[in-house]
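Morning, everyone. Please look at the screen, and I'll walk you through a few side chains.

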Amino acid sequence: MDTNARLRKQLNRQLSEATSFEQWYDIAWKLDELDGNLRWREDGHTDMLHEPLIREHIRLMHRYRRQGRPAALTRVLQESLYRHLGELSNPDLYAVARTGTKQIVSEFLDEVRRGMNYICDKPQAELPVEQKLALFRRAEKVFGRPALMLSGGAAFGIYHFGVTRALWRRNLLPDVIAGSSMGSIVAAAVCCRDDRELDTLFDNPEQVHRHALRWLKPGDIWRRGHAMDQSQLHDHIRTNIGNLSFREAFEHSGRAMNISVSPTRTRQKPRLLNELTSPDVTIDSAVLASCAVPGIYPSVTLQARDLSGEDSDEIPYMPTEKWIDGSVHGDLPHLRMARLHNINRTIVSQANPHVLPFISHRFERGLGASVRQATSSLIHAHVSTLLELTRNTWSSSMVRPLIEQAHSMATQSYLGDINVQFPFRPRLYRKVLANPDTDDLAMYIRIGEHATWPMMAMIEDQTLVSRTFRECIDRLKQRAGAERRKIA
């Protein structure tokens, strides 16, 4: 084994043992240097980008900012973002180097950020702060914002804790978060806490209540028709997230919590619960419903605040309907999220055990990966077709709801624009329906962080404009408020 091969093996081992993003990045940089990837990043030429036009727009933005010409800068910003964001979103740009993509992409995005901040902060006599705030709000609405989606996954879903912690510590956690099944527990734990409380949670994961699962006795399973104690799960949910409504959680944390639930009736539609669609529904009842895997837990009637009473008691919400695991019909509710929250970029954290074998190779390169992709696509197509035919054949049967659920699970999309996925490790499947001990908890969190760190450059780049919009709007709101107080 030559010197470079030994060094590469040593660095790869260190990379897998990294305990922080900073440590991981330092080792990844050394590997990229060893593999020649840093030279690739410095070379702006690539068929994936219109390099001459990008460089021209960088020069124009720099010139107009230095000349103090905000109107001209605004025009070139609008044009350049419209022209380049599609090609800058190409995942192949992030498939070569571990530490990021072409330097020209970073140069362009840095100049965009500087230009947006200049327009935001430069006083303009003809454009009062209130008008500038309105303009930025309209521009943000047109551009859109990112969302984080946490899949189901039973015990595997604990790894979402590591994903969200990694994003939070790099200031990249979106304000819009969706969760299904186990993902809804983690999403709710994040969205029911303000920033200070979230820091405390991420710094002390050992304080998390871990005992969600309790198997019923065989006789009780036969009599009740489900395998696990739902009251134990509800206690786990209440202990970790409290008893806030969607409206109360949003007002407390500023983060938009979204929970997917699936219907038990064939003709009922899946729902996305949040502060817009169901503000008074209690999050703990929504999470309980989203975790109600058929055969494992019974279906759930949602609960809501009874605002007519003095004590804000809970009352059934849509009392004639019962709901089950959100992963059945909408593990990742892309369209509903886009419509309700103006989402332009989805970051998906995927941990569903039945999905992982079919997506673990999706982002690999080479002949072997291509063969696995073709094989899994063929299997998926055959299963989907078989379920479609079976659904039509048994249209009036009692098993129709089960077939509908299987068909929905087989045909829905489990990936997003940016994907962070639990690694396919067959030996861990024996733990998927078991409460984690402290070592398991640490393991799942570590897996989540290690899965997120290689995607960090892509996430940072592709959410930069949205984050800059939010920062500018926050500053403009403060200035507008200060001006109103002066007048008063």
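Let's start with one contact. The side chains of arginine 305 and glutamate 248 are joined by a polar contact of 3.0 Å. Keep in mind that this is a predicted model.

Where does arginine 305 sit? Look at strand E5, residues 303-305. Is arginine 305 buried or exposed? Its relative accessible area is 12%, so it counts as buried. Now look at threonine 282. Along the chain, threonine 282 and arginine 305 are 23 residues apart. Their C-alpha atoms are separated by 6.9 Å.

Next, another arginine. Arginine 41 belongs to helix H3, which covers residues 37-42. Arginine 41 is buried, yet it has no salt bridge. Which side chain of opposite charge is nearest? It is aspartate 32, and it is 5.5 Å away. What does arginine 41 touch, then? Leave aside its neighbours within four places in sequence. Its contacts include Tyr25, Trp29 and Ala97. Thr99, Gly100, Thr101, Lys102 and Gln103 are also among them, and so is Ser106.

On to the rings. How many aromatic pairs does the structure hold? The count is 12. One of these pairs is phenylalanine 21 with tryptophan 24. Their ring centres are 6.0 Å apart, with 20° between the planes, and the pair is stacked. Both residues are in helix H2, residues 21-35. They are three residues apart there, so about one helical turn separates them. Phenylalanine 21 has 11% relative accessibility, so it counts as buried. Tryptophan 24 has 5%, so it counts as buried too.

Now for phenylalanine 156 and tyrosine 444. Their ring centres are 6.4 Å apart. The planes are at 50°, so this pair is tilted. Where are the two residues? Phenylalanine 156 lies in the loop between strand E1 (145-150) and helix H8 (159-169). Tyrosine 444 lies in helix H20, residues 438-452. So the pair ties together parts that are 288 residues apart in sequence. Both phenylalanine 156 and tyrosine 444 are buried.

This pair also belongs to a cluster. Ring pairs link Phe156 and Tyr444 with Tyr159, Phe422, Phe424 and Tyr429.

Let me recap. Arginine 305 has its polar contact with glutamate 248.

Definitions and conventions:
Residues numbered from 1 in each chain as written. Predicted model: local features only at pLDDT ≥ 70, side-chain atom pairs only at ≥ 80, totals over all residues. Heavy atoms only, no water. Phe/Tyr/Trp six-rings, centres within 6.5 Å; stacked < 30°, edge-to-face > 60°. Helix = DSSP H or I, 4+ residues; strand = E, 2+ residues; numbered from the N terminus. Buried < 20%, exposed > 50% of the residue type's maximum accessible area, 1.4 Å probe, protein only. Lys, Arg positive; Asp, Glu negative; His and termini not counted. Salt bridge = Lys/Arg side-chain N within 4 Å of Asp/Glu carboxyl O. Contact = heavy atoms within 4.5 Å. Polar contact = N/O pair within 3.5 Å; in protein donor to acceptor, adjacent residues only side chain to side chain.
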